[in-house]
Amino acid sequence: MAARAVPRAPGESQPRPPETTPTRFRPTLHPGAWWLWAISLGVAATRTTNPLLLALLLAASGYVVATHRSPAPWARSYTAFVRLALAVLLIRVLFAVALGSPIPGTHTLLTLPEVPLPHWAQGIRLGGRVTAEAVLFAAYDGLKLATLLVCVGAANALASPTRLLKSLPGALYETGVAVVVALTFAPHLIADVRRLRAARRLRGRPDRGLRGLLQVGLPVLEGALERSVALAAAMEARGYGRTAEVPARVRRTTAALTLGGLLGVCAGTYGLLTAEGGTYGLPVLLAGVLAALAGLRLGGRRSPRTRYRPDPWGAHAWLVTGSGAAVAALLTLASVRDPGALHPGVVPLVAPTLPLWPAAAVLLALLPAFAVPREPS
């Protein structure tokens, strides 16, 4: 609110309080831009197993989260994703130690008791010799997956889920409403469980174990059903779920474009993640995205809706998206031109080196931390 001084009228002993004028609504960054930025960093992480480049990606995404994360409850998910990434890395290394690895090695770390297996389980080994090359290869592979998980966690911590669902196209309107209702009811269920457990403790009744779970779960379920019925009646009275009349040929075209586009996206993504499908992966992915967008655009005719204060896609959104896309494109190019630097070998056992221009490309991911203003809390 902006205050403006008001002059005192003749005969008044006290000055008038300052008038307040409402400030203009300041739009914030579109949540879809953060998701595109994080997905691009995840794509860049899949193009390399160099631990130094992956560490740079982790540091860049973590710094942007530290500078632009809001104090909202959903922003705390980044820590959970970091813990999940560490668990995945540890599990990958433990599997390599316990189940063996096809990577040959000469540097033996330890020798575990080997369990004999039947002839039909050939190719699988339990225990045996554990080499440094096999452990290092598993660590590189696990770190790549851990970096991908941390990038997804960065998107969850930076983008508001409710604002993201509000920005969904009209074809996904019903899905967005269902997810919003679920996200709204989840805190109520947790609050009901805490309230009922506290009430049982005050009465000297058990609130743990199977008996406590049944005594607490039934009232919580009953309250959730009553709340759901009341919400359904209120939404029905306000016109939720009503759709416009669309010709049959438009519905069939929408279904064909959406299904074909999603299949194209899956096939293109699989091609990009494999070495053999690098030539056809990108064209198929782009064709699938275009077909899916066309299907969503046609499907939006069934749900003509207006949005209150829609999030604009401005210059900052293009900057954030462009910085992530540049990192993904440059690392993809580097993996083609210099695969040895982005995929360091473990046989023979050598220390990985930091390639200069791919490392400089990863630093472009830090651009949102300095060019995008922090969103108001």
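Reply: I91, F95, L99, V115, L117, I124 and L126 form a nonpolar patch on the surface, and together they have about 590 Å² of accessible area. A patch here takes residues with over 30% relative accessible area and no salt bridge, joining nonpolar side chains (Val, Leu, Ile, Met, Phe, Trp, Tyr) within 5 Å and like charges within 9 Å; the areas are Shrake-Rupley values with a 1.4 Å probe, and only the protein chains shown count as cover.

Some ground rules: this is a predicted model, with local features needing pLDDT of at least 70 and side-chain atom pairs pLDDT 80 or more, while totals for chains, interfaces and linings use all residues. Residues are numbered from 1 along each chain as its sequence is written, and side-chain values use heavy atoms, leaving out hydrogens and water.

Back to the patch: its largest share, three residues, comes from α3. Helices are DSSP runs of H or I, at least four residues, and strands are runs of E, at least two, numbered from the N terminus. L117 sits in the loop between β3 (108-115) and β4 (126-131). At 36% relative accessible area, L117 is partly exposed (buried is under 20%, exposed over 50%, partly exposed in between, with a 1.4 Å probe and protein chains only).

Now for α3 itself. It has 23 residues (77-99), and at 1.5 Å a residue it should span 33 Å; the end C-alpha atoms are 32 Å apart, which agrees. (The expected span is 1.5 Å times one less than the number of residues.) Its buried residues are S77, Y78, F81, A85, V88, V93 and A96. The cover over them includes α2 (51-68) and α4 (132-158), where contact means heavy atoms within 4.5 Å. Just past the helix, G100 takes a positive phi of about 80°.

R92 and D141 form a salt bridge, their closest N and O atoms 3.3 Å apart. R92 lies in α3 and D141 in α4, so the pair ties together parts 49 residues apart in sequence. R92 is partly exposed at 28% relative accessible area, and D141 is partly exposed at 28% as well. By the rule used (a Lys or Arg side-chain nitrogen within 4 Å of an Asp or Glu carboxyl oxygen), the count comes to three salt bridges.

Finally, the record: an unreviewed UniProt entry annotates "transmembrane region" over several stretches, including residues 80-103. UniProt positions follow the numbering used here, feature names are shortened, and annotations may be inferred rather than shown by experiment.
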